[in-house]
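Here's a quick tour of one model, written for someone who likes to see the cut-offs. Have the viewer open while you read.

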Amino acid sequence: MKVSICSYRPILVPCSLDNFDYQVDPYVGCEHSCHYCYALNQAETDWAKEIFVYNDLTSQLRGELGKISPQKIYMSYYTDPYQTLETEQCQTRKVLKLFLENGFSASILTKSDLVLRDMDLLKEMDNASVSVSVAFNDNHIRQQFEAKTIDTEDRIAALSKLREAGIKTSALICPVIPFITDVVPLVDMLEPHTDVIWIYGLSINERSDKNWQNIQDILNNHFPKLKEQIESAVFSADHSYWIQLRQELERLQKDRQLNLNIHL
Ligand code: SF4
């Protein structure tokens, strides 16, 4: 993996998510190497093999934050703020320190337990929150789809520690891969450690998308018997797989009074 310096580009950029006006991505690229990553479709760089860091993140971001009022900022839309490189580069920690110094707060989404390192800063912020995403019940299968992430159980353990420390937590089951992701056991594992679980299906726009081509390679190599079923569920015009799963989860939500936010 190559580390390069990012030529000038804004660090703080407008965010399209509800409830957030701005987002910060401390890196360009992501070492986690999830083969389904939607960022692969728009990447201008070799996303998992060359990671860009900002030359002087602190002074650049300080200037950018100075132009807006204190608020909660989303981290990270395009990359994981706690990829392995963060242990030496500390770009995410620098961002959080700046947020804290200037009255901002953070909403973090990660697949790593490295976020625990920054609990001291998150606890000091007004209403900081951390989300952890998981998609696989079996860690052997996880490694086929996410080459360099940590075990599902370790992510959930991190979520538990964050919650115990008084930090607001949520979880994402994302992406649900038809006939591979078993959603209900993941809900059971996550539910004691979070107030809300968001559930999103695998979203592919076109068969020519880079992430779908990656998934096809995995299916050909490891799940040849499921390939046709999965492809049909992903691209079927009647969305029957998703409608059925949604109905099942809505029943579960009602029966067990769960706080599920289902986007299937
Ligand atoms: S952690 Fe997120 S940004 Fe990084 S490769 Fe995986 S899906 Fe993409």
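In which strand is Pro175 found? Pro175 is in strand E8 (residues 168-176); helices (H or I, at least four residues) and strands (E, at least two) are DSSP runs, numbered from the N terminus. Before going on, some bookkeeping: this is a predicted model, where local features need pLDDT of at least 70 and side-chain atom pairs count only at pLDDT 80 or more, while totals for chains, interfaces and linings use all residues. Residues are numbered from 1 along each chain as its sequence is written, and side-chain values use heavy atoms, with hydrogens and water left out.

Ser76 sits in the loop between strand E5 (72-75) and helix H2 (86-89). You'll find Asn19 in the loop between strand E2 (12-14) and strand E3 (22-24).

**Helix packing**

Here are the helix pairs. Axes are lines fitted to C-alpha atoms, for helices over the stretch in contact, and angles run from 0 to 180 degrees between N-to-C directions.

| Helix pair | Axis distance | Angle |
|---|---|---|
| H7 (residues 183-190) and H10 (residues 240-256) | within 11 Å | roughly 35 degrees |
| H6 (residues 152-164) and H7 | within 10 Å | roughly 35 degrees |
| H1 (residues 57-65) and H3 (residues 91-101) | 10 Å | about 35 degrees |

H1 passes H3 in a right-handed crossing (left-handed if the near helix is turned anticlockwise from the far one by less than a right angle, right-handed if clockwise). Contact means heavy atoms within 4.5 Å, and H1 brings Leu57, Thr58, Leu61, Arg62 and Leu65 to it, with Gln91, Lys94, Val95, Leu98, Phe99 and Glu101 coming from H3. That makes six nonpolar, two polar and three charged residues. For these classes, Ala, Val, Leu, Ile, Met, Phe, Trp, Tyr, Cys and Pro count as nonpolar, Asp, Glu, Lys and Arg as charged, and the others, Gly among them, as polar.

H7 also crosses H10 in the right-handed sense. Val183, Val184, Val187 and Asp188 of H7 meet Leu245, Glu248, Leu249, Leu252 and Arg256 of H10, a set with six nonpolar, no polar and three charged residues.

As for H6 and H7, Thr152, Glu153, Ile156 and Leu159 of H6 touch Leu186, Met189 and Leu190 of H7. Five of these residues are nonpolar, one is polar and one is charged.

**Around the ligand**

Which residues are around the ligand? They are Cys30, His32, Ser33, Cys34, Cys37, Tyr78, Thr79, Asp80 and Lys111, counting a residue if one of its heavy atoms lies within 4 Å. By class, this shell has four nonpolar, three polar and two charged residues.
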